[in-house]
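Please read the following points alongside the sequence and the coordinates.

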Amino acid sequence: ELTQEQLDKALEYQKIKGVKIGIALVELDFIERATLVKYLTKQSQMVIDAAGLSTYEASDMVSEAEKK
């Protein structure tokens, strides 16, 4: 479990290094990279669900965006 002190350190690190909070947490060894991937995957699925898209539709949208 992440402590308030760890979160505060990660937020300060984020400001100094200009990285996303998840990267700060990994680089400071507060969470494992696999944990970050797990939560980012879950977050992405929540966005897909909220938009009413299927996973395949979302993948198609990403593929189209990458072509531009």
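1. Asp-29 counts as exposed because its relative accessibility is 69%; the classes used here are buried under 20% relative accessible area, exposed over 50% and partly exposed in between, with a 1.4 Å probe and protein chains only. Asp-29 sits in the loop between α2 and α3. Although not a glycine, Asp-29 has a positive phi of about 65°.

2. This is a predicted model, in which local features need pLDDT of at least 70 and side-chain atom pairs count only at pLDDT 80 or more, while totals for chains, interfaces and linings use all residues. Residues are numbered from 1 along each chain as its sequence is written, and side-chain values use heavy atoms, with hydrogens and water left out.

3. On confidence: pLDDT is the predictor's confidence in each residue, from 0 to 100. The mean pLDDT of the protein is 87, and 85% of its residues reach 70 or more. Helix α1 (residues 4-17) has the highest confidence, at 98, and helix α4 (residues 55-67) the lowest, at a mean of 67.

4. On secondary structure: the protein has 4 helices and 0 strands, in the order α-α-α-α from the N terminus. Helices (H or I, at least four residues) and strands (E, at least two) are DSSP runs, numbered from the N terminus. Buried residues account for 13% of the 68 residues.

5. How do the helix spans compare with expectation? The expected span is 1.5 Å times one less than the number of residues. The 14 residues of α1 should span 20 Å at 1.5 Å a residue, and this agrees with the 20 Å between its end C-alpha atoms. For α3, with 18 residues, the reach from first C-alpha to last is 26 Å, close to the 26 Å expected. A glycine with positive phi follows each of these helices: Gly-18 after α1, near 70°, and Gly-52 after α3, near 75°.

6. Which side chains form a salt bridge? Those of Lys-9 and Glu-5 do, at 3.3 Å from N to O. The rule asks for a side-chain nitrogen of Lys or Arg within 4 Å of a carboxyl oxygen of Asp or Glu, and the count by this rule is 1. Lys-9 and Glu-5 are separated by about one helical turn because they are 4 residues apart in helix α1. Glu-5 is exposed, with a relative accessible area of 52%, whereas Lys-9 is partly exposed at 45%.

7. The largest pocket has a volume of about 190 Å³. A pocket is an open set of points on a 1 Å grid over the protein atoms alone, where a 1.4 Å probe fits, with protein on both sides within 12 Å along at least five of seven lines; lining residues have an atom within 4 Å of a point. The volume is the space filled by probe spheres set on the points, which are joined across faces, edges and corners.

8. What lines the largest pocket? Its lining includes Ile-21, Ile-23, Leu-36 and Tyr-39, and α2 (21-27) and α3 (33-50) each supply at least two residues. The lining divides into 7 nonpolar, 2 polar and 1 charged; Ala, Val, Leu, Ile, Met, Phe, Trp, Tyr, Cys and Pro count as nonpolar, Asp, Glu, Lys and Arg as charged, and the others, Gly among them, as polar.

9. Lys-20 is also among the lining residues of the largest pocket. Lys-20 is placed in the loop between α1 and α2 and counts as exposed, at 64% relative accessibility. Its C-alpha atom is 9.6 Å from that of Ala-10, 10 residues apart along the chain.
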